[in-house]
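These are my notes on a single protein chain.

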Amino acid sequence: MVGKGKLPVESEDAQKLRFQVELEFVQCLANPNYLHFLAQRGYFKDAAFVNYLKYLLYWKEPEYAKYLKFPMCLYFLDLLQYEHFRREIVSAQCCKFIDDQAILLWQHYTRRRTRLTALGTTSLTGLASWLTKTQKDVVSKDTLTSQQTSD
């Protein structure tokens, strides 16, 4: 079957399969070790592959991004648009640094999320009140510390 533009029209099953394959591939980009693997094998030097990465930017649209379990992949997809990043990710040291930073980010997010959940809220109102209380605690501790040092 051929569409208006003389290109073959994908069947519904083919469209679903392409969606699943592209979803899985885009999410793999959240793993710096996988990026390193691709770089070592020269994929990032292939113009067709670089164009494919550019094509995958449609995953940043909300209608597609809602299917992603690892939103960090969109950040790496953006970085892969730059030749300098594609060259640097070949380095094991660069890959290790990025991997370590991602782990630290996830740990911080998990601790913060656990704290908010312990407070019984994940809403912005609850977060605002928690931040206000925390700021007051910090100010009162700073005041006590400055009073003790002046005495």
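Is Gln27 buried or exposed? I looked this up before anything else. The model is predicted, and in it Gln27 has a relative accessible area of 15%. The cut-off for buried is under 20%, so Gln27 counts as buried.

**Entry: Gln27.** I placed Gln27 in helix H1. I then listed its contacts, leaving out residues up to four places away in sequence: Gln27 touches Tyr67, Leu68, Lys69, Phe70 and Cys73.

**Entry: Glu22.** I checked a second residue of helix H1, Glu22. Glu22 is also buried, and its relative accessible area is 5%. With neighbours within four places in sequence set aside, I found Glu22 in contact with Tyr52, Tyr55, Leu56, Tyr58 and Trp59.

**Entry: overall layout.** I stepped back to the whole chain. I counted eight helices and zero strands, and from the N terminus the order reads α-α-α-α-α-α-α-α. The chain has 151 residues, of which 26% are buried. I also looked at contacts with a separation of 6 or more: 61% of them join residues 24 or more positions apart.

**Entry: helix H3.** Which residues of H3 are buried? In this helix, residues 47–55, I noted Phe49, Val50 and Leu53. They lie on the same side of H3, because the arc they cover around the axis is only 100°. On the face turned away from that buried side I found the exposed residues Ala47 and Ala48. Next I asked what the buried residues of H3 pack against; the partners are helix H1 (12–28), helix H2 (32–40), helix H5 (72–79) and helix H6 (83–88). At the N-terminal end of H3 I recorded a cap: a side-chain oxygen of Asp46 lies 3.2 Å from the backbone nitrogen of Ala48.

**Entry: helix H5.** I turned to H5, one of the helices that H3 packs against. The buried residues I listed there are Met72, Cys73, Leu74, Phe76 and Leu77. Their cover includes H1, H2, H3, helix H4 (62–65), H6 and H7.

**Entry: Pro32.** Pro32 is in helix H2. I have Pro32 down as buried, at 1% relative accessibility. Not counting residues up to four places away in sequence, Pro32 touches Phe76, Ile89, Cys95, Ile98 and Asp99. I also took the distance from Pro32 to Ala92: the two are 60 residues apart along the chain, and their C-alpha atoms are separated by 9.9 Å.

**Entry: largest pocket.** I finished with open space. Rolling a probe the size of a water molecule over the atoms shows where empty space is left. The largest pocket holds about 170 Å³. By type, the lining divides into six nonpolar residues, one polar and two charged. I then asked which element gives the most to the lining. That is helix H7 (residues 92–118), with five residues.

How values were computed: Residues are numbered from 1 along each chain as its sequence is written. This is a predicted model: local features need pLDDT of at least 70, side-chain atom pairs count only at pLDDT 80 or more; totals for chains, interfaces and linings use all residues. Side-chain values use heavy atoms; hydrogens and water are left out. On a 1 Å grid over the protein atoms alone, a cavity is a set of points where a 1.4 Å probe fits but cannot get out, and a pocket is an open set with protein on both sides within 12 Å along at least five of seven lines; lining residues have an atom within 4 Å of a point. Grid points are joined across faces, edges and corners, and a volume is the space filled by probe spheres set on the points. Helices (H or I, at least four residues) and strands (E, at least two) are DSSP runs, numbered from the N terminus. Ala, Val, Leu, Ile, Met, Phe, Trp, Tyr, Cys and Pro count as nonpolar, Asp, Glu, Lys and Arg as charged, and the others, Gly among them, as polar. Buried means under 20% relative accessible area, exposed over 50%, partly exposed in between (1.4 Å probe, protein chains only). The arc is that of the directions from the helix axis to the C-beta atoms. Contact means heavy atoms within 4.5 Å. A polar contact is a pair of N or O atoms within 3.5 Å; within protein, one must be able to donate a hydrogen and the other to accept it, and residues adjacent in sequence count only if both atoms are side-chain atoms.
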